[in-house]
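Biologist: I would like a close look at one part of this model, the aromatic rings. Please start there, then show me how the rest of the chain is laid out.

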Amino acid sequence: MTIAPQLHYYDMAPGITAFSSTRQGGYSEGNYSEFNMNCYCGDDPSAIARNREALCQLLGIGGDRLVMPHQTHETRVACIDRHFLSLSDGQRREALEGIDALMTNETGVCIGVSTADCIPLLLCDTEHGAIAAVHAGWRGTVNRIAQKTVETMTQAYGTRPSQLKAQIGPGISLDSFEVGQEVYDAFQQAGFDMAAISRRYPAMGERTQTEPAEKWHIDLPECNRLQLLQAGLPSEAVGLSGICTYRQYHAFFSARRLGIRSGRIFTGIMKR
C-alpha cells in the first residue's frame with residue numbers, strides 16, 4: 001500500500017506550492033510517528049529515506065530537488081542555485097551545515113526547514129521569481145533571522161519587501177512558550193517591544209520552592225511577524241497559521257511535549 005504524507009497547505013501565490021508536514025502519512029514509528037524527514041533527531045534512517053521519497057513523489061520531483069539544511073540556530077542564509085544543484089551529496093551536506101534559511105529562484109526545487117516548536121517562515125517574491133524558507137527558534141528570532149533573510153533576498157534577487165508575501169507556520173504559542181529570565185533578558189537587550197511580545201503567567205508544571213510562582217512567556221510568532229513588518233512587508237502580506245505545536249502535538253511534532261528525540265515538521269516551498 002502506498003503511503004502519502006498528509007500536508008497542511010498555504011495559498012501564497014499562483015505557481016507556488018507551500019506547506020507544512022503533519023505527523024500523518026509516513027513510515028516512522030514511536031515519537032517519530034509517522035512522517036519525519038529530519039536525520040539529526042535519532043530516527044531510523046530507512047524510515048527517513050522512505051518518507052523523503054514519499055514526499056518527492058507527492059511533489060513530483062526527484063530526490064535531488066528536495067533541499068533541507070542542518071540547522072544550528074544561527075542566521076546564515078544559503079542560496080540554492082544551479083551550482084549547488086550540481087554538487088555531490090557530500091558537497092551538499094557540507095554546504096548545508098550550519099544553515100538556518102534557504103532561498104532560491106530555481107523552478108522545481110523544494111526548499112524547507114525542520115521545526116518542532118520553533119517557528120518556520122516562508123517567503124515568496126513573485127515579482128522576481130524567488131522564494132525562501134526560514135527556521136526561527138528563539139535564538140534566531142533574537143538575532144533577527146527573518147529580517148536578515150529579507151535583506152539577503154533583496155541583495156541577491158532585487159526583492160522589494162513591499163512586494164513580498166510571507167507565511168508563518170506551526171510553532172509554539174505565547175500561552176505555551178514559558179521561558180527563563182535569561183531568555184526574556186535576551187529579547188529585551190536586543191531591543192524588542194516586550195509589552196507586545198511577552199506576558200507573565202503562573203509557572204507551568206511542578207516547581208521548587210526557590211522558583212518563581214510566575215514566569216515569562218514569549219510570543220515567537222508575533223516576534224517574527226513584527227520583524228517582517230519592520231523589514232517592509234505590508235501587514236496583510238503576512239499570514240499566520242495559528243497552529244500551536246505544543247497544544248496540537250498529536251497532529252504536529254512538539255519537542256517540549258515529546259522530547260528532543262522525536263520527529264520534526266518539514267515546512268517547504270517550491271516554485272512550479
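Modeller: Start with three rings. Tyr 9, Phe 19 and Phe 266 form one aromatic cluster. Keep in mind that this is a predicted model. In total, the structure holds five aromatic pairs. One of them is Tyr 9 with Phe 19. Their ring centres are 6.4 Å apart and their planes meet at 65°, so this pair is edge-to-face. The cut-off for that label is an angle over 60 degrees. Now look at where the two residues sit. Tyr 9 belongs to strand E1 (residues 7-10), while Phe 19 belongs to strand E2 (residues 16-21), so the pair ties together parts that are 10 residues apart in sequence. Phe 19 is buried, and its relative accessible area is 0%.

A second pair has another geometry. The ring centres of Tyr 184 and Trp 216 lie 4.0 Å apart, with planes at 20°, so the pair is stacked. Here the planes must be under 30 degrees apart. Tyr 184 sits in helix H6 (residues 181-189) and Trp 216 in strand E12 (residues 214-218), so a helix and a strand are tied together across 32 residues of sequence. Are these two residues buried or exposed? Tyr 184 has a relative accessible area of 10%, so it is buried. Trp 216 has 17%, and it is buried too. The limit for buried is under 20%.

Next, step back to the whole chain. Its secondary structure comes to nine helices and 14 strands. The radius of gyration is 18 Å, close to the 19 Å that the globule rule gives for 272 residues, so the chain is as compact as a globular protein of that length. Along the principal axes, the C-alpha atoms fill a box of roughly 55 × 45 × 30 Å. Of the 272 residues, 54% count as buried. The chain exposes about 12,100 Å², and carbon and sulfur atoms supply 46% of that area. Now take the contacts between residues at least 6 apart in sequence. Of these, 69% join residues at least 24 apart. Charges come next. There are 25 positive and 29 negative side chains, and the centres of the two sets lie 1 Å apart.

Now visit some loops. Ser 176 is in the loop between strand E9 (165-168) and strand E10 (178-179). Ser 176 is buried, with a relative accessible area of 3%. Which residues does Ser 176 touch, not counting residues up to four places away in sequence? The list is Met 204, His 217, Cys 244, Tyr 246, Arg 247 and Arg 256.

Gly 63 is in the loop between helix H1 (45-59) and strand E3 (66-67). Gly 63 is partly exposed, at 43% relative accessible area. Leave aside its neighbours within four places in sequence, and Gly 63 is in contact with Arg 52 and Cys 56. Met 103 is 40 residues from Gly 63 in sequence and 18 Å from it in space, C-alpha to C-alpha.

Ser 86 is placed in the loop between helix H2 (82-85) and helix H3 (89-95). Its relative accessible area is 55%, so Ser 86 is exposed. The limit for that word is over 50%. Ser 86 and Asp 64 are 22 residues apart in sequence, and their C-alpha atoms are 9.6 Å apart in space.

Last, check the backbone. Most residues other than glycine have a negative phi, and most peptide bonds are trans. A cis peptide bond joins Ser 33 and Glu 34, with omega about -5°. Glu 34 is found in the loop between E2 and H1.

The other two places concern phi. Asp 117 has a positive phi, near 130°, and is not a glycine. Asp 117 is in the loop between strand E6 (110-115) and strand E7 (119-125). Asp 117 is buried, with a relative accessible area of 7%. Arg 144 also has a positive phi, near 60°. Arg 144 lies in the loop between helix H4 (138-142) and helix H5 (145-157). At 22% relative accessibility, Arg 144 counts as partly exposed.

Technical notes
Residues are numbered from 1 along each chain as its sequence is written. This is a predicted model: local features need pLDDT of at least 70, side-chain atom pairs count only at pLDDT 80 or more; totals for chains, interfaces and linings use all residues. Side-chain values use heavy atoms; hydrogens and water are left out. Helices (H or I, at least four residues) and strands (E, at least two) are DSSP runs, numbered from the N terminus. The radius of gyration is taken over C-alpha atoms; the globule rule is 2.2 Å times the number of residues to the power 0.38. Buried means under 20% relative accessible area, exposed over 50%, partly exposed in between (1.4 Å probe, protein chains only). Contact means heavy atoms within 4.5 Å. Accessible areas come from the Shrake-Rupley method with a 1.4 Å probe; for residues, only the protein chains shown count as cover. Lys and Arg count as positive and Asp and Glu as negative; His and the chain ends are not counted. The place of a charge is taken as NZ of Lys, CZ of Arg, CG of Asp or CD of Glu. Rings of Phe, Tyr and Trp (its six-membered ring) pair if their centres lie within 6.5 Å; planes under 30 degrees apart count as stacked, over 60 as edge-to-face and the rest as tilted.
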